[in-house]
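Q: Got a model open here and want to talk through parts of it. Can we start with the strand pairing?

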Amino acid sequence: MNQRRPRRAAPRPPEGTPAPAELAGMARSGLAGAVRVARWADAALGPGREGATADGKATLSGATAERAAADLGLSPAQIRADWDTARLAGLVEVHGDDARPGWRLRAWDRDDSAVLRGWVALFDAWSLACPEPDAHEPAAVAEVVSAMPQVLSFLQLSAGPVPVEQLLDLLQQRVTELRTERCEVSYEPGTGRPAGSPAPVDPAPAADAPLAPLLDWALRALASVGALTYGAGQATLTPLGSWAVWVKLEQICVAAQSPAGNIEQSAEDMLRGCAQLRPNAARAEYRAWLAARPVGSAVTELIHAARGDDALLRGLAFEALRVVGAPAEPDVRAVVDEPALRPYALLWLAEHDGVDPEDAHEVLTREEATWLWVDTAAAVADHGEAPMLVRHLESAVQPTVPQLLDEVRAVGHPRTVQVLVALAAAHPDPALAKAVRRAAFQVHTGR
């Protein structure tokens, strides 16, 4: 008899956390300016409307900012700030030269969960919301960004104002830990140098960077997105900020309970571990793995895994990217011109743009669909069973097997021969198997 693991009880936010509807109201209030500019852009810059910008592009050029400022009674600087916020919150999506309203804008007035997801997207992008200080090395800025989750967690646990000096001490400790973990060497106290090493001629800029100005920048940026209040030498999480930090901590807890134990694996090993799972279980595993990593590096890992030789991992990588959602779009769009990834990327983008998954295949050309058929067949041949490969014939876009074989030969997939040989060995019809073997031989000999 199968035994099911008991479900983890739905977590409750800390006592005193406002109800979701109240939190959504706070988010709507804080993002009112961004929503106003996004709705103006929807009306003024949408397809078929004249005068998008002076250069004809539906992005916020100087001319568009001036026009919006005049229409809305705001300064161009405020328009630009609200536009940037709208983009970070997913209220506006920019695709190349075109800007269009995001799905959250459509659901803004009726869907509290869409509002909260939009605010969390802005919260996640806090480091982009405020220009970083000049004259600081990118490595030092990156260290502070990586260390801020621990600072935010401390603020959340404190549940009240915390002196900036205390936060600075915590930031310095966390940055030191990050440097030690990265270098994996022991350091002489107070020197920042590996033990026993000579003093460097030029000190490392990142190691010597003062953290106080960077902490000030981080707190101002977080305050600008509404995550905390900052002033008089103290910082305090807002109710929205406290709730968001709790949500992130819960995601880490869920990740730590990764059902298949792949949380600490590389993307490739995690995908291999998910290969035998049912779709829902695999998606839970993807979510756990993603929750434990910065989105950017996770997407990079998944795309790197998709570029490998294993066709099964290619398909699974794009399934995991579907779980990532909108933050993966720029990276997916960037690989559209790579032949091995193009069909997967086009399907992903079509579904992301709202096309029904059952109809998404219509965005592929006949050649792209055939290439994808061969790639999927390669995954089945490597990891599946013979009957699955025979059934895979039914998914081909070609109406007859001879036509399929002709187009498979022409598409030039590197696994064509192996796929045809495996299909010939698996198919119970001797005549069809013979035709497939002949096609495999012709591809192999170049005839």
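Q: Which residue in β5 is the bridge partner of Pro163?
A: Gln234 is the partner of Pro163. β3 and β5 pair in the antiparallel sense over two bridges. Strands here are DSSP runs of E with at least two residues, helices are runs of H or I with at least four residues, and both are numbered from the N terminus. Two strands pair if DSSP finds at least two bridges between them.

Q: Before going on, what sort of model is this?
A: This is a predicted model: local features need pLDDT of at least 70, side-chain atom pairs count only at pLDDT 80 or more, and totals for chains, interfaces and linings use all residues. Residues are numbered from 1 along each chain as its sequence is written, and side-chain values use heavy atoms, with hydrogens and water left out.

Q: Back to the sheet. What is the strand order?
A: The order is β3-β5-β4 in an open sheet of three strands, with antiparallel pairing. β3 (162-163) and β4 are the edge strands, each pairing on one side only.

Q: And β4 with β5, how many bridges?
A: Four bridges, antiparallel, between β4 (residues 228-231) and β5 (residues 234-237). Leu228 has Leu237 as its bridge partner, Thr229 has Thr236, and Tyr230 stands opposite Ala235.

Q: Which β5 residues are on the covered face, and which on the uncovered one?
A: Ala235 and Leu237 are on the covered face, while Gln234 and Thr236 are on the uncovered one.

Q: Which helix gives the most to the lining?
A: α19, with nine residues.

Q: Moving on, is Ala27 buried or exposed?
A: Ala27 is buried, with a relative accessible area of 0%. Buried means under 20% relative accessible area, exposed over 50%, and partly exposed in between (1.4 Å probe, protein chains only). Ala27 is in helix α1 (residues 20-30).

Q: What is Ala27 in contact with, leaving aside neighbours within four places in sequence?
A: Trp108, Val115, Trp119 and Leu240; contact means heavy atoms within 4.5 Å. Ala27 and Gly118 are 91 residues apart in sequence and 8.6 Å apart in space, C-alpha to C-alpha.

Q: And the chain overall, how many helices and strands?
A: 23 helices and five strands. Buried residues make up 41% of the 447 residues.
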